[in-house]
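Hi everyone, thanks for making time for this one.

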Amino acid sequence: MKNILALYSSINPDQSQSSRLAEQYLDEVQRHETVSIIRRDLSDGSVPHLNSQEFVTWNTASEERTNEQHKLAELSDALIAELEAADMIVMTAPMYNFGIPSSLKAWIDRIARAGRTFKYTENGPVGLLNNKQMIIISSRGGKYAGTPMDTQTDYLRDVMKFVGVTDVSFIYAEGLATATIDDSLERALQELRDMAQTAVI
Ligand SMILES: Cc1cc2nc3c(=O)[nH]c(=O)nc-3n(C[C@H](O)[C@H](O)[C@H](O)COP(=O)(O)O)c2cc1C
């Protein structure tokens with residue numbers, strides 16, 4: 001059975017367009033395959049901003065950690081374990097103030113860990129995650145895909161590539177603040193339906 005990790009990051013989970021599209025995609029995938037889905041809602045405060053104590057813990061050998069440090073390491077360890085177990089990652093990425101939600105950034109700060117998901121070599125950094133597909137559903141009030149104002153796409157593609165996830169597809173639901181909202185959502189949904197036919201490796 002294939003494992004899917006679904007990451008939600010809208011601050012409005014109940015009305016979120018990106019979350020709704022992700023759920024529709026997952027429904028569609030389940031019509032074709034038996035999958036196990038882990039859902040993680042990053043908007044609920046469970047993944048706070050990274051701080052120095054936690055970062056120092058990662059670089060402290062397990063046998064030298066204090067009890068408090070063992071506790072501090074649990075969050076990143078759990079998020080990395082979820083990611084490692086996933087064959088596919090479905091990430092929602094609403095555009096907030098020309099970037100990604102800060103909760104999603106806090107997740108990235110937890111999973112991009114030297115020695116765990118990437119390592120430095122003589123030839124530069126190498127990602128340690130392999131054989132994963134990823135779909136990123138980006139919802140936006142405006143329209144920025146393909147323009148220099150789309151600060152999400154290159155960033156998310158680069159950071160996921162950094163940890164070894166190179167098979168990344170983007171679905172954009174744009175112009176959601178305008179009258180074309182239904183067209184945009186319908187187009188995004190159709191693209192996701194097409195992808196669901198061949199979704200999981
Ligand atoms: C705090 C905040 C900041 C936003 N900033 C932008 C922005 O910079 N550019 C944009 O196109 N839309 C912006 N929007 C609109 C959202 O991208 C849009 O409502 C999108 O549907 C949010 O995704 P969601 O429906 O999954 O929550 C912003 C919305 C919020 C709540």
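Let's start at the ligand. One of its oxygen atoms sits 2.6 Å from an N or O atom in the side chain of Ser18. Keep in mind as we go that this is a predicted model.

A ligand oxygen is 2.8 Å from a polar atom in the backbone of Met95. And for a nitrogen atom of the ligand, there's a backbone N or O atom of Gly141 at 3.1 Å. So how much of the ligand does the protein bury? On its own the ligand exposes 620 Å², and the protein buries 74% of that.

Who's around it? There are 15 residues around the ligand, and the ones that come nearest are Ser10, Ser16, Ser18, Ser139 and Gly142. Let me pick out Ser16 from that group. You'll find Ser16 in the loop between β1 and α1. The side chains of Ser16 and Ser18 are joined by a polar contact of 3.2 Å, and Ser18 is the residue we began with, the one whose side chain has an N or O atom 2.6 Å from a ligand oxygen. Is Ser16 buried or exposed? Its relative accessibility is 7%, so Ser16 counts as buried.

Okay, next stop: Glu174. Find the loop between β7, residues 167–173, and α6, residues 181–197, and that's where Glu174 is. Glu174 comes out at 12% relative accessibility, and because the cut-off for buried is under 20%, Glu174 counts as buried. What does Glu174 touch, once we leave out residues up to four places away in sequence? The list is Arg140, Gly142, Lys143, Tyr144, Ala145 and Ser184. With Arg140, it's side chain to side chain, in a polar contact of 3.0 Å. With Ala145, the side chain of Glu174 reaches the backbone nitrogen, again at 3.0 Å.

Now for salt bridges. Here's the general idea: side chains of opposite charge can pair when their charged atoms come close. How many salt bridges do we get in this model? The count comes to 13, and I'll show you some of them.

Take Glu28 and Arg31, whose side chains meet in a salt bridge at 3.1 Å, N to O. Both residues lie in helix α1, residues 17–32, and they're three residues apart, which is about one turn of the helix. Glu28 is buried, at 11% relative accessible area, whereas Arg31 is exposed, at 64%.

Then look at Glu186 and Arg193, which form a salt bridge with their closest N and O atoms 3.9 Å apart. Glu186 is partly exposed with 42% relative accessible area, and Arg193 also counts as partly exposed, at 31%. Here's the bit I like: salt bridges that share partners join Glu28, Arg31, Glu186 and Arg193 into one network.

Another pair is Asp77 and Arg113, with a salt bridge of 2.8 Å, N to O. This one links distant parts of the chain: Asp77 is in helix α3, residues 67–85, while Arg113 is in the loop between α4 and β4, and the two are 36 residues apart. Asp77 is partly exposed at 27% relative accessible area, but Arg113 counts as buried at 6%.

That loop has α4 on one side and β4 on the other, and I'd like to show you both. First, α4. Why do we call α4 largely enclosed by the rest of the structure? Because seven of its ten residues are buried. They are Ser103, Leu104, Ala106, Trp107, Ile108, Arg110 and Ile111. These buried residues pack against β1, α2, α3, β3 and α5.

If you want a spot to check on screen, find Phe118, which stands opposite Gly127 in β5.

That's my tour. Over to you for questions.

Definitions and conventions. Residues numbered from 1 in each chain as written. Predicted model: local features only at pLDDT ≥ 70, side-chain atom pairs only at ≥ 80, totals over all residues. Heavy atoms only, no water. Helix = DSSP H or I, 4+ residues; strand = E, 2+ residues; numbered from the N terminus. Buried < 20%, exposed > 50% of the residue type's maximum accessible area, 1.4 Å probe, protein only. Polar contact = N/O pair within 3.5 Å; in protein donor to acceptor, adjacent residues only side chain to side chain. Contact = heavy atoms within 4.5 Å. Salt bridge = Lys/Arg side-chain N within 4 Å of Asp/Glu carboxyl O. Pairing = 2+ DSSP bridges. Near = heavy atom within 4 Å. Areas by Shrake-Rupley, 256 points an atom, 1.4 Å probe, with all protein chains shown as cover.
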